[in-house]
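Try each task before reading its solution.

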Amino acid sequence: MKIDLNSDMGEGFGPYRLCDDEAMMKLVSSANIACGFHGGDPDTMGRMVRLAKKNGVGIGAHPGLPDRSGFGRRELPFRPDELRQQVLYQLGALTAIARGEGINVGHFSFHAAMGNMVNRDPALADMMMNAISAVDPELVVFVTPDSEIERAAKRAGLKTLALFLADRAYDAKGNLVARGLPGAVVKDEPSVRTRVRRFLTQGTVEAIDGTIISMPARSILVHSDTPGSLELASIVRSEIISSGATLAPASELAS
């Protein structure tokens, strides 16, 4: 079995960095690169693209709302077409930078509040997926299983890859627990190891209330801004290898 390990990367800007991107790039098979709105800037994006190319890592656009101070995690009242233009702007920027380095953007992953807004509005999800398809119909869209984004991507003829978030808690319905609630972020190493091992061997995850739920995913995400993210990503990678699976970028796994 092949599994993708990915992380949101390049989310600092200027001299400010959230994690050791160079070290993280040696652990993952796919990198979701911030495109300059919630984090990132042209120089950081270029550095991420070159690091990914050097390490054989697949690159993806990771657009968010234009809200650096809130790290893209606060919902803002943009009109649907404003959100569409923001996505196109960010995807276009990373596409141009990647092509300047001789490689292509292979996947797409919404960041935080922007993704939440799209995921609860079928019409907005269709608008976004049609826009992405118009830019590059070969892009793989990262999705949560059985979501509006997944359904809209398939209607637009785009390939998808379902995510399991190793460092975030789920409720009994398979939804992410809101970050402000206790236990929403899973950052202790034993818990992450247990969750990933269960996912790899059984295809399930234990929800925050103890319920065991199905997790039909092929990609594991570790957020680079989670405390101890490098150690957590290293644990996930070791569990993948120990299970007999092999690491592969999103472009090899999507359907």
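**Exercise 1.** Find how many salt bridges a search of the whole structure gives, then look at R155 and D126.

Solution. The search turns up 15 salt bridges, each being a side-chain nitrogen of Lys or Arg within 4 Å of a carboxyl oxygen of Asp or Glu. This is a predicted model, where local features need pLDDT of at least 70, side-chain atom pairs count only at pLDDT 80 or more, and totals for chains, interfaces and linings use all residues. Residues are numbered from 1 along each chain as its sequence is written, and side-chain values use heavy atoms, leaving out hydrogens and water.

Next, R155 and D126 pair up at 3.0 Å, N to O. R155 sits in helix α6 (residues 148-155) and D126 in helix α5, so this bridge ties together parts 29 residues apart in sequence. Helices here are DSSP runs (H or I, at least four residues), numbered from the N terminus.

**Exercise 2.** Decide whether Q86 is buried or exposed, and list what it touches.

Solution. Start with location: Q86 is in helix α3. Its relative accessibility is 9%, so Q86 is buried (under 20% relative accessible area; exposed is over 50%, partly exposed in between, with a 1.4 Å probe and protein chains only). Skipping residues up to four places away in sequence, Q86 touches F37, L65, P66, F78 and M114 (contact means heavy atoms within 4.5 Å).

How values were computed:
Helix = DSSP H or I, 4+ residues; strand = E, 2+ residues; numbered from the N terminus.
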